[in-house]
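Let's take a friendly walk through a protein model. Keep the 3D view open while you read.

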Amino acid sequence: MTADTDFQKIVLTDDPDAQNDAFLRAFNSGSGAIFDQLYRDDAISNLSGRPLNGPERTQAIKELLATGPSLDSRIKYSYRAGDVIFVVVDFDLELVDEAGERVKIHGTCTDVLRQMPDGTWLMAIDRPVGDPPSV
């Protein structure tokens, strides 16, 4: 991540590779506020391990990113139907567990993005499912 990255200009697009790059930049910024701006207000994410939306989702994202995790992901496939995009990615997540140990989680994530009236895209559903963590 370069120091000159303008995090306020991170936006999701209808291009799956550009969407993935933006998602990774926002997540790896370490700022829950930056990452959460990619979600609709009513979006659901189970990034915390359980499905959350609204202020609970925002708080869980901020708490997770404050621990300094790192994420890498690769697009497996995506489908678009009008103002909806369904994306499947394989991901590798490294984070600190409750015991303070670094763990690596590999998994698959299914995402649903919706196009907003202004033409921008936002996450509506973010559902990562990890394999059992490894140390």
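Below is a short tour of a pocket, a surface patch and some charged pairs.

## The largest pocket

Keep in mind that this is a predicted model. Start with the largest pocket, which has a volume of about 660 Å³. Sorted by class, the lining has 18 nonpolar, 8 polar and 5 charged residues.

Which elements build the lining? At least two residues each come from α1 (16-28), α3 (54-65), β3 (70-81), β4 (84-96), β5 (102-115) and β6 (121-130). Strand β4 gives the most, with 5 residues.

## A closer look at Leu 47

If you want a sense of scale, find Gln 115, which is 68 residues away from Leu 47 along the chain; their C-alpha atoms are separated by 22 Å.

## A nonpolar patch outside

Now turn to the surface. Tyr 77, Tyr 79 and Phe 86 make up a nonpolar patch there, and together they have about 310 Å² of accessible area. Tyr 77 belongs to strand β3, and because its relative accessibility is 37%, it counts as partly exposed.

## Charged partners

The whole structure holds 8 salt bridges. In one of them, the side chains of Arg 57 and Asp 36 meet at 3.0 Å, N to O. Arg 57 is in helix α3 and Asp 36 in helix α2 (residues 32-36), so this pair ties together parts that are 21 residues apart in sequence. Both partners are buried.

Another salt bridge links Asp 90 and Lys 76, with their closest N and O atoms 4.0 Å apart. Here the pair ties strand β4 to strand β3, because Asp 90 lies in the former and Lys 76 in the latter; these parts are 14 residues apart in sequence. Asp 90 is buried, at 19% relative accessible area, while Lys 76 is partly exposed, at 45%.

Glu 94 and Arg 102 also form a salt bridge, at 3.1 Å from N to O. Glu 94 is partly exposed at 24% relative accessibility, and Arg 102 is partly exposed too, with 36%. Finally, look for Asp 72, Arg 74 and Asp 92: salt bridges with shared partners join them into one network.

Terms used:
Residues are numbered from 1 along each chain as its sequence is written. This is a predicted model: local features need pLDDT of at least 70, side-chain atom pairs count only at pLDDT 80 or more; totals for chains, interfaces and linings use all residues. Side-chain values use heavy atoms; hydrogens and water are left out. On a 1 Å grid over the protein atoms alone, a cavity is a set of points where a 1.4 Å probe fits but cannot get out, and a pocket is an open set with protein on both sides within 12 Å along at least five of seven lines; lining residues have an atom within 4 Å of a point. Grid points are joined across faces, edges and corners, and a volume is the space filled by probe spheres set on the points. Helices (H or I, at least four residues) and strands (E, at least two) are DSSP runs, numbered from the N terminus. Ala, Val, Leu, Ile, Met, Phe, Trp, Tyr, Cys and Pro count as nonpolar, Asp, Glu, Lys and Arg as charged, and the others, Gly among them, as polar. Patches are made of residues with over 30% relative accessible area and no salt bridge: like charges are joined within 9 Å, nonpolar side chains (Val, Leu, Ile, Met, Phe, Trp, Tyr) within 5 Å. Accessible areas come from the Shrake-Rupley method with a 1.4 Å probe; for residues, only the protein chains shown count as cover. Buried means under 20% relative accessible area, exposed over 50%, partly exposed in between (1.4 Å probe, protein chains only).
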